[in-house]
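Work through these exercises with the sequence and the 3D view open. Try each task before reading its solution.

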Amino acid sequence: MTDTIAVPLTDVRVAKLRVAYGARHVLVAGGAGVTPLLSLAYELHRRGAEFELHDFARAREQAAFAGLLEREFGDRVRLRFGGPRAEQPTTVKEVAAELAPDAQVYTCGPEGFMAQVCAVFAPVVGEARVHVEHFVAAEVDTSFDRPFTVELDTGEVFEVPADKSILAVLGENGIEVFKSCEEGICGSCVSGVLEGVPEHRDSCLSAADKAAGDKMALCVSRARTARLKIELY
Ligand code: FES
């Protein structure tokens, strides 16, 4: 971390608390750092906030969510592919040159990338408006996954095999569930849990929501109990 990183965040949800106050939000992602910023983008989108997301990657095929970003957020997304690392400071400066002084900046990516973003953006908007997220991708051991039963509040019952998600099983059976990322990030597929204990594997629910156990992301989360009863929102 450099001296220019004024407000380190350990959880991008903390950054969401700032959403209501900033006039404009600029999200700057490097590589896999787009993952937590995608969650923030959905939150901003839901709140009708003004934002733009700059996604830096070596190539389109290495930008995990390029298609999703374009589909979900349209011209709010600037995909920046192929620039050699040495040219990134110039590109980052171009973004900073268009910033309003009251913008809130959020960045996530490799340490060197975030240091560049902070060094360029902090003089424009002030250190307190540049927020960093140190992202470590959650690794899930799926080798012990077991089948379980899901019952809908309508009474329909489905078996979820070890290698499929609840969302996939419902889809195969013609049950339409609102979804988007299918990675546990956007929160689109979150549904209520009426009975049973979910095993949370998402990055969209808060710690309090997970502890309460009364909702779950159907695309990634599974069951700690042999049976779950869920309510589709
Ligand atoms: S579809 Fe995005 S969290 Fe499930």
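**Exercise 1. The whole chain**

The protein chain has seven helices and 13 strands. Helices (H or I, at least four residues) and strands (E, at least two) are DSSP runs, numbered from the N terminus. This is a predicted model, in which local features need pLDDT of at least 70 and side-chain atom pairs count only at pLDDT 80 or more, while totals for chains, interfaces and linings use all residues. Residues are numbered from 1 along each chain as its sequence is written, and side-chain values use heavy atoms, with hydrogens and water left out.

Task: state what share of the residues in the protein chain is buried, and what share of the contacts joins residues at least 24 apart.

Solution. 
- Step 1. Buried means under 20% relative accessible area, exposed over 50%, and partly exposed in between (1.4 Å probe, protein chains only). Of the 233 residues, 46% are buried.
- Step 2. Contact means heavy atoms within 4.5 Å. Take contacts between residues at least 6 apart in sequence: 64% of them join residues at least 24 apart.

**Exercise 2. Helix α5**

Task: check the length of helix α5, then find what its buried residues pack against.

Solution. 
- Step 1. The expected span of a helix is 1.5 Å times one less than its number of residues. Helix α5 (residues 111-125) has 15 residues, so it should span 21 Å. Its end C-alpha atoms are 20 Å apart, which agrees.
- Step 2. List the buried residues of α5: Phe113, Met114, Ala115, Val117, Cys118, Val120, Phe121, Ala122 and Val125.
- Step 3. Recall the geometry. An α-helix has 3.6 residues a turn, so residues three or four places apart point the same way.
- Step 4. Find the partners. The buried residues of α5 pack against β2 (25-30), β3 (51-57), α4 (88-97), β5 (104-108) and β6 (130-133).
- Step 5. Look just past the helix. Gly126 has a positive phi of about 95° there.

**Exercise 3. An open sheet**

Task: give the strand order of the five-stranded open sheet, and then its pairings.

Solution. 
- Step 1. Two strands pair if DSSP finds at least two bridges between them. The order is β8-β7-β13-β9-β11, with mixed pairing.
- Step 2. Find the edges. β8 (157-160) and β11 (215-217) each have a single partner strand, so one side of each lacks a neighbour in the sheet.
- Step 3. Pair β7 (residues 148-152) with β13: they run parallel, joined by four bridges. Leu152 has Ile230 as its bridge partner in β13.
- Step 4. Pair β9 with β13: they run antiparallel, with three bridges. Glu195 has Lys229 as its bridge partner in β13.
- Step 5. Pair β9 (residues 190-195) with β11: three bridges, antiparallel. Val190 stands opposite Ala217 in β11.
- Step 6. Sort the side chains of β13 (residues 227-231). Leu228 and Ile230 point to one face and are buried.

**Exercise 4. The largest nonpolar core**

Task: which members of the largest nonpolar core touch the most other members?

Solution. 
- Step 1. A nonpolar core is a set of buried Ala, Val, Leu, Ile, Met, Phe, Trp, Tyr and Cys residues joined through side-chain atoms within 4.5 Å.
- Step 2. The largest has 23 residues, and Val150, Ile166, Leu170, Leu218, Leu228 and Ile230 touch the most other members.
- Step 3. Trace the elements. β7, β8, α6 (166-172), β9, β11 and β13 each give two or more residues to this core. α6 gives the most, with four residues.

**Exercise 5. Ile230 and Pro147**

Task: decide for Ile230 and for Pro147 whether each is buried or exposed.

Solution. 
- Step 1. Ile230 is in strand β13. Its relative accessibility is 0%, so Ile230 counts as buried.
- Step 2. Ser191 is 39 residues from Ile230 along the chain, yet their C-alpha atoms are separated by 6.9 Å.
- Step 3. Pro147 lies in the loop between β6 and β7. With a relative accessible area of 57%, Pro147 is exposed.
- Step 4. Leave aside neighbours within four places in sequence. Pro147 is then in contact with Val160, Pro161 and Ala162.
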